[in-house]
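I opened my notebook to look up a few places in this fold. Here is what I wrote down, entry by entry.

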Amino acid sequence: MNDLLDIQGLKFSWGENIVLEDISLKLDGGELVAVLGVNGAGKSTFLKCINRILLPDEGTIRINGNEVSAMDLMDLSRATSYVPQSVRTSFPLDVFDVVMLGRRPYISWLISDEDRKKVSDTLSYLGLEEFAFRRFDKLSGGERQRVVIAKAVAQDPLLFLLDEPTSDLDLQNQISTMKSISSIVYDGTFRKSAIIAIHDINIAARFATRIVLLHEGRIIADGSPPEVLTEENIATVFRVSCDIITNHEEGGYLRVIVKDEIQD
């Protein structure tokens with residue numbers, strides 16, 4: 001059986017500046033992978049290479065055994081959905097219609113009852129029913145972010161690519177959104193995975209099954225949160241000292257408490 005995602009020898013650069021080098025990664029269905037690193041580490045670039053927004057200099061990327069560079073746009077859109085870090089576009093549409101845009105890879109001529117049901121179910125699942133017939137361009141930044149995530153869910157891909165999906169959300173909606181994404185990924189009836197570029201170490205530790213640590217364009221650690229989130233790794237990448245606590249009362253996930261910056 002093919003891996004859901006298989007990346008081998010990925011390299012990307014802007015001119016002379018190498019952003020990513022020798023990136024290799026495999027993942028199967030049911031994995032939620034958090035990609036951590038400092039600003040400029042290449043997290044967003046990594047996601048954009050996977051779904052062909054950016055073209056790598058070297059390497060291969062396969063989804064379900066299919067070479068991404070050879071996939072047509074509709075097949076790629078059925079395989080991956082992408083949520084950018086910030087939502088700059090203000091669609092002059094109702095929220096329901098914006099989420100319906102996620103169904104575009106499946107619509108040939110007319111929108112079906114199945115498409116409408118998928119959008120309705122998605123809005124309900126993410127707690128957005130009250131927004132359905134509000135204008136998208138009248139929403140706050142955080143509300144727009146939640147709608148764009150709903151659009152990605154309605155797209156029903158094999159692989160979600162989420163770039164800082166909680167950055168514009170308040171604390172309550174950060175948790176509820178991550179719980180929703182997690183439940184989609186971890187539901188055994190679906191063979192779905194998500195890769196989330198994120199800066200919040202504690203959200204990553206709580207919700208991810210696996211953490212990839214990017215440093216100076218390379219993966220320096222890849223494994224479960226306890227394997228990757230060590231004091232040494234955090235010091236190397238983020239240049240801070242910290243204490244790491246295992247919260248046994250709330251699911252056993254790690255909590256990283258930053259103490260101070262490390263002086264060179």
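**Entry 1: a serine in a helix**

I looked up Ser180 and found that it counts as buried because its relative accessibility is 12%; buried means under 20% relative accessible area, exposed over 50%, and partly exposed in between, with a 1.4 Å probe and protein chains only. I noted that this is a predicted model, where local features need pLDDT of at least 70, side-chain atom pairs count only at pLDDT 80 or more, and totals for chains, interfaces and linings use all residues. Residues are numbered from 1 along each chain as its sequence is written, and side-chain values use heavy atoms, with hydrogens and water left out.

Ser180 sits in helix 6, residues 171-186 (helices are DSSP runs of H or I with at least four residues, strands are runs of E with at least two, and both are numbered from the N terminus). Setting aside neighbours within four places in sequence, I found Ser180 in contact with Tyr125 and Leu126 (contact means heavy atoms within 4.5 Å).

Next I traced an open sheet of four strands, in the order 2-1-4-5 with antiparallel pairing (two strands pair if DSSP finds at least two bridges between them). Its edge strands, strand 2 (17-27) and strand 5 (66-67), each pair on one side only. Strand 1 (residues 5-14) and strand 2 share seven bridges, and I saw that Ile7 has Leu25 in strand 2 as its bridge partner.

**Entry 2: helix 1**

How many residues of helix 1 are buried? I found six of the eight in 43-50, among them Phe46 and Leu47. Just after helix 1, Arg52 has a positive phi of about 70°.
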